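Please report on the fold shown here. Cover the helices, the nonpolar cores, the surface and the salt bridges.

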Amino acid sequence: MTDPIADYLTRVRNAIMAKHKVVEIPASNLKKEMTKILFDKGYILSYKFEEDDKQGIIKIALKYHPISKVSAIKSLKRVSKPGLRKYSDVDNLPRVLNGMGIAILSTSRGLMTEKEARKENVGGEVICYVY
């Protein structure tokens, strides 16, 4: 697998399109941090890290509106790819849907949203957009 982050986003996107309640993803530290951010911002219902004899599994419970059954995540878009990395300094941090969505950045202080990066006054690699 050449791009595990794209695989993570694709698995979540496919589970949402198929209206699954839970999606299982092979774990890594970066994916765990992305999952924590999605949970903190209210895009997923819950998550659980399970250890197995290999690398572990992340189980993510997806969040849907109770009546209309519409997912809380409308779009997951990979920005920085292995073939073309996208970096942004603190002055040019992206705004997703005019502040309604989030951009996840990998900074020198760890993974964070673009709003947190503005507060911390750091830039970094723009991993993905979520809205």
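Does Met 100 count as buried or exposed? Met 100 counts as exposed, because its relative accessibility is 68%, over the 50% cut-off. The model is a predicted one.

## Surface patch

Met 100 sits in the loop between strand 5 (87–88) and strand 6 (102–107). Together with Leu 97 and Tyr 131, Met 100 makes a nonpolar surface patch. The patch covers about 330 Å².

## Helix 1

Helix 1 has 14 residues, which should span 20 Å at 1.5 Å a residue. Its end C-alpha atoms are 20 Å apart, so the span agrees. Just after helix 1, Lys 19 takes a positive phi of about 60 degrees.

Seven names make up the buried set: Ile 5, Asp 7, Tyr 8, Leu 9, Val 12, Ala 15 and Ile 16. An α-helix has 3.6 residues a turn, so residues three or four places apart point the same way. The buried residues of helix 1 pack against strand 1, helix 2, strand 3, strand 4 (76–78) and strand 8.

## Helix 2

Helix 2 runs over residues 29–40, 12 residues in total. From first C-alpha to last, helix 2 reaches 17 Å, close to the 16 Å expected. Its buried residues are Lys 31, Lys 32, Met 34, Thr 35, Ile 37 and Leu 38.

## Nonpolar cores

In soluble globular proteins, nonpolar side chains tend to be buried together. Here the largest nonpolar core holds 25 residues. Val 12, Met 34, Ile 60, Leu 62, Ile 73, Ile 104 and Val 130 touch the most other members. At least two core residues come from each of helix 1 (4–17), strand 1 (22–26), helix 2, strand 3 (57–62), strand 6 and strand 8 (124–130). Helix 1 gives the most, with six residues.

Which residues does Val 130 touch, leaving out those up to four places away in sequence? The contacts are Leu 38, Tyr 43, Ile 73, Ser 75, Leu 76, Val 96, Gly 101, Ile 102 and Ile 104. A second, separate core has nine residues. Among them are Val 96, Met 112, Val 122 and Val 126.

## Salt bridges

The count comes to 10 salt bridges. One of the pairs is Asp 3 with Arg 78, whose closest N and O atoms are 3.0 Å apart. Asp 3 lies in the segment before helix 1 and Arg 78 in strand 4, 75 residues apart. Both residues of the Asp 3 and Arg 78 pair are buried.

Glu 125 and Arg 85 also form a salt bridge, with closest N and O atoms 3.0 Å apart. Glu 125 is in strand 8 and Arg 85 in the loop between strand 4 and strand 5, so the pair ties together parts 40 residues apart in sequence. Glu 125 counts as buried at 14% relative accessibility, whereas Arg 85 is partly exposed at 40%.

Glu 120 and Arg 109 meet at 2.9 Å, N to O. Glu 120 belongs to helix 3 (residues 114–120), and Arg 109 to the loop between strand 6 and strand 7 (110–113). Glu 120 is partly exposed at 39%, and Arg 109 is exposed at 51%. Finally, Glu 24, Lys 48, Glu 50 and Lys 59 are linked in a salt-bridge network.

Definitions and conventions. Residues are numbered from 1 along each chain as its sequence is written. This is a predicted model: local features need pLDDT of at least 70, side-chain atom pairs count only at pLDDT 80 or more; totals for chains, interfaces and linings use all residues. Side-chain values use heavy atoms; hydrogens and water are left out. Helices (H or I, at least four residues) and strands (E, at least two) are DSSP runs, numbered from the N terminus. The expected span of a helix is 1.5 Å times one less than its number of residues. Buried means under 20% relative accessible area, exposed over 50%, partly exposed in between (1.4 Å probe, protein chains only). Patches are made of residues with over 30% relative accessible area and no salt bridge: like charges are joined within 9 Å, nonpolar side chains (Val, Leu, Ile, Met, Phe, Trp, Tyr) within 5 Å. Accessible areas come from the Shrake-Rupley method with a 1.4 Å probe; for residues, only the protein chains shown count as cover. A salt bridge is a side-chain nitrogen of Lys or Arg within 4 Å of a carboxyl oxygen of Asp or Glu. A nonpolar core is a set of buried Ala, Val, Leu, Ile, Met, Phe, Trp, Tyr and Cys residues joined through side-chain atoms within 4.5 Å. Contact means heavy atoms within 4.5 Å.
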